[in-house]
Amino acid sequence: MEFTRRQFLKLSGAVAATLAVVELGFDDKGAQAKTREFKIAELKPTPTICPYCAVGCGILVYSKGDDVVYTEGDPDHPINEGSLCSKGTTVRQVYTSEKRITKPMYRAPGSDKWKEVDWDFALEKVAKNIKETRDRTFIHKEKGLTVNRTDSIAYLGGAALDNEECHLLQKLFRAGLGLTYIEHQARI
Amino acid sequence: MTNHWNDLKHADVLMIIGANPAENHPISFKWILKALEKGGKLISVDPRFTRTSQMANVYGQLRSGTDIAFIGGMINYILENELFHKEYVAAYTNASYIVEDTYSFNDGMFSGYDKGKRSYDKTKWAFKKDKEGKTLKDPTLKDPKCVFQLMKKHYSRYDVDTVIGVTGTAKETYLDICKTYASTGEVGKAGTILYAMGGTQHTVGTQNIRSYAILQLLLGNIGISGGGVNALRGESNVQGSTDFGLLYDNVPGYMQVPTTAESDYTYQGFLDRITPKEGYWINKPKFYTSMMKSFYGDNATKSNEFGYHYLPKLSAGKNYSFMRLFDAMHRKELEGLLLFGSNPAVGGPNAGKEIESLSNLKWMVAVDLFETETSSFWQKEAGADPASIQTEVIFLPASGSFEKEGSVTNSGRWMQYRWQAIKPKGESKADLEIVHMLARRLKEMYKNSSNPADMPMKAMTWDYGESDHPDIDLVCREINGYDMKTKQQVKKFGDLKDDGSTCSGNWIYCGFYPENENLSKRRDSTDEGMSNFLNWSYAWPANRRILYNRASADLNGKAWSKTRVGIEWNAAEGKWKGNDVPDFVVDKGPKDPTFNDPFIMMAGGKGALFASINEGPIPEHYEPYENPMSNSFSSVQLNPAVQFGEEEMNAQGDVSKYPIVATTYRLSEHWQSGAMTRSQEWLAELVPHMFVEISEELAKEKGINNKDKIIVSSARGEINAYAMVTKRFKPYKLKDKTVHHIGMPWHFGYKGIVTGGSANRLTPHIGDANSTIPEYKAFLCDVRRAK
């Protein structure tokens, strides 16, 4: 084989699948015929990083339409070199789990159940709640000093989010809205 | 981590203390095993014999909350037997610094204590300066007032017998660990320390980690391949979220948040307060101004102090950290709570009380993949009466990690990109999109306001595209930073300016997106030397893989070990070269007086054996908030600098009623509060029940059989669980008594496919004197059979 492992991702569909099989030590020609039956043969893997611990293992995701067909450890990744733990191995189920919430939900004060709502309703509620509490509790000046803060709204979370998300969250909630209670999992 | 995962294979000895990577970071073990294959030795120190201990050459049993005693004894052993790395200690650490005469230590207390405030006047521990302001030093390390001698005296009290009477470690084992680990003080050898929440989650958490750092500095193990102090971080991006300032007292890049203190009335006064006079942090004003330009763009001008007064100012002296946040909620001071992937009803300390506090909220917003215990705290299955809870709750469905794109930063500071593999499930949306849509709505609401209080919202820039879907590339460019005029990307943080001509959302990441390539997307896995993989993704800062790597070379700039080359001084080319990006000025040669100052962030450039944090400049053992014995080292029981919160949130248990020491931990099959993993079929099936590990001896005493239903109680509450009777816990033989120790996972709650008692209903609401991290890892409880 002339291909290096790094080129693996640049190759598409059937060829890539064949290579993977050959690397496992199967007969080249026989395997090539077999690949047509593989569900992932026509699919392109997308590299991702495991969402759980901070080892940062590489995972390849094979998806088709609205289905994740298959996931596997990324053989090119220098840390995990293709291997994964129990959580990394089952990452497909983060997508397929029937427990996933797929619509915004609303619980009215005193109610004993959720009600499905649309995004527009949900976001409008959130924005109005933030604005109403912020504006009423906002301290613009204290002893002559501009302090621009509210101590009445708290923000929690971030360790499972992307860096870009963390940047925008801290920008909106601290630099824009003036929250002081900004915390996340690193503290606990 | 000062180092990174692949680098573990270069260690001669690995000491894993307060961590269990075999189960919680399983793939890291690939590199630990490679070290062992080459003859490396593995030491595991833990209250429980874990799967990591199973793989170790030596296992040391340690009662929860006694790390300072354990490491203190090792430091004493090394100093007494002169096993430290002499040149390194003398030249690269502050061992030679002379301390002021006002420093003293007596019966567990340092000088300068204010009993009323439970805090110290740290100026009492300052270094002595000459008339020109230069620190006085004794390079021979003989002056009785030099750091080395003060430390030697302090640790002389940590003799082996006193130590093991506190920790409960067998003497022979303890001496074996001391000897094995001290062997890395030999020039050319490398020892690494791996720790996790077992080290940090204590009232003395910060000093625990300081102890590890002191040990490593003494042995010359910092800056070298196979060495370091390595935090095994537990969430995929907890490194990044910390880097990006999602903590009350930090803005991005580990810089301070302004307060109402007098110094902070002007931007210049604030900068003067937070900018040290020496070390790389002298550049802080450049990073701070550039950050504000990323927040407020052209609305941050020289005439308005670069938007300084738009930023919220904390009430000076007020602690807004996680537990104090829940204290405020308990007092009904909070109206709203926004949760972005956060589940404190399972993960927070004294969770029962925290859940009660949630009903004091007027509104809550939960952004998550699954219904969490926190977002559903008002439901009957949570034990609540829905009709009596007036909190309005809005749940926004978030998409999973591969249903969107963006980067995460691993424990080794590698910023790795994740591409989108599939459209978001159902109507779920990426958090990036959610915050973008929310920000655009709010900007619109404030658009026509002329109220001065609304100026920060109006001044904040939000230029990530006009559709609901933000352009992530524009976010990335802003994080890296660019020239405000030319819009050209800034190449490195050294190019950032304090005059408002550059922006950078997070200076430590500046350089990941120079020109037109986002380097976090790099996938070249060629090992060009010492497994640093310099062309795979991007590591902050400046793509350096091992921090303080100047210390990998000796006083002449040559590697301490030929088989472990970090960077070396190349006299012919007049620059530092090697297997890593130099963590040093690249052309600073032997003629420069600061050539042997490897710790560039520190004033003076030396590693801090002696460092003034809240409870003292040298770590001292204090017992946990709840403990089974009186302190053997002094008459001071609890860390004197620990602050107390709301009394009602923090009931304290007594050993007479709760005689058993308990700790919490994690499992391979579940993750954190379990919101993700207990909602999946396979992982739920693999570990379907909450259990508590108890020793055979304790089981016999209590009449408990394996798999019995038991009740665990503490001063805060009770939970049900199954008993797992095991040899992994053994009774602890301490100085004057034998105590039992149990352990339990904290992943369970009442939602998901599998449910179970939440361990955090038992844990205390008190934390570390510096970080305020809760003391989850050492508390008292009792167990009994469920009738």
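This is a predicted model: local features need pLDDT of at least 70, side-chain atom pairs count only at pLDDT 80 or more; totals for chains, interfaces and linings use all residues.
# Briefing: chains A and B

With 17 C-beta neighbours inside 10 Å, B:Arg118 counts as partly exposed. Residues are numbered from 1 along each chain as its sequence is written, while chains are lettered from A and ligands numbered from 1 in the order in which they are written.

- Most residues other than glycine have a negative phi, and most peptide bonds are trans.
- B:Arg118 has a positive phi, near 50 degrees, and is not a glycine.
- B:Arg118 sits in the loop between strand 6 (113–114) and strand 7 (119–120) of chain B. Helices (H or I, at least four residues) and strands (E, at least two) are DSSP runs, numbered from the N terminus.
- B:Trp540 and B:Pro541 are joined by a cis peptide bond, with omega about -5 degrees.
- The loop between strand 19 (538–539) and strand 20 (567–570) of chain B holds B:Pro541. B:Ala542 is found in the loop between strand 19 and strand 20 of chain B.
- B:Ala542 also has a positive phi, about 60 degrees, although it is not a glycine. B:Ala542 is partly exposed, with 16 other C-beta atoms within 10 Å.

**Contact between the chains**

- Chain B gives 132 residues to the contact and chain A gives 102 residues. Two residues are in contact if their C-beta atoms, placed from the backbone, lie within 7 Å.
- Helix 17 (residues 431–446) of chain B supplies the largest share of chain B's side, 10 residues.
- That side of chain B has 70 nonpolar, 42 polar and 20 charged residues. Ala, Val, Leu, Ile, Met, Phe, Trp, Tyr, Cys and Pro count as nonpolar, Asp, Glu, Lys and Arg as charged, and the others, Gly among them, as polar.
- Strand 7 (residues 145–156) of chain A pairs in the parallel sense with strand 12 (residues 336–340) of chain B, over four bridges. Two strands pair if DSSP finds at least two bridges between them.
- A:Leu156 has B:Leu339 as its bridge partner in strand 12 of chain B.

**Domains of chain B**

- The domain assignment gives domain 1 (322–445) and domain 2 (647–785) of chain B. Such bounds come from an automatic or database domain assignment.
- The C-alpha centres of domain 1 and domain 2 of chain B lie 25 Å apart.
- The contact takes 23 residues from domain 1 of chain B and 24 residues from domain 2 of chain B.
- Helix 14 of chain B gives the largest share of domain 1's side, four residues.

**Strand 28 of chain B**

- Five of the five residues in strand 28 (residues 741–745) of chain B are buried.
- B:His741, B:Gly743 and B:Pro745 point one way from strand 28 of chain B, and B:Ile742 and B:Met744 the other way.
- Strand 22 (residues 660–665) of chain B pairs with strand 28 of chain B in the parallel sense over five bridges. B:Ala662 has B:Ile742 as its bridge partner.

Notes: A residue is buried if 20 or more other C-beta atoms lie within 10 Å of its own, exposed if 12 or fewer, and partly exposed in between; C-beta atoms are placed from the backbone.
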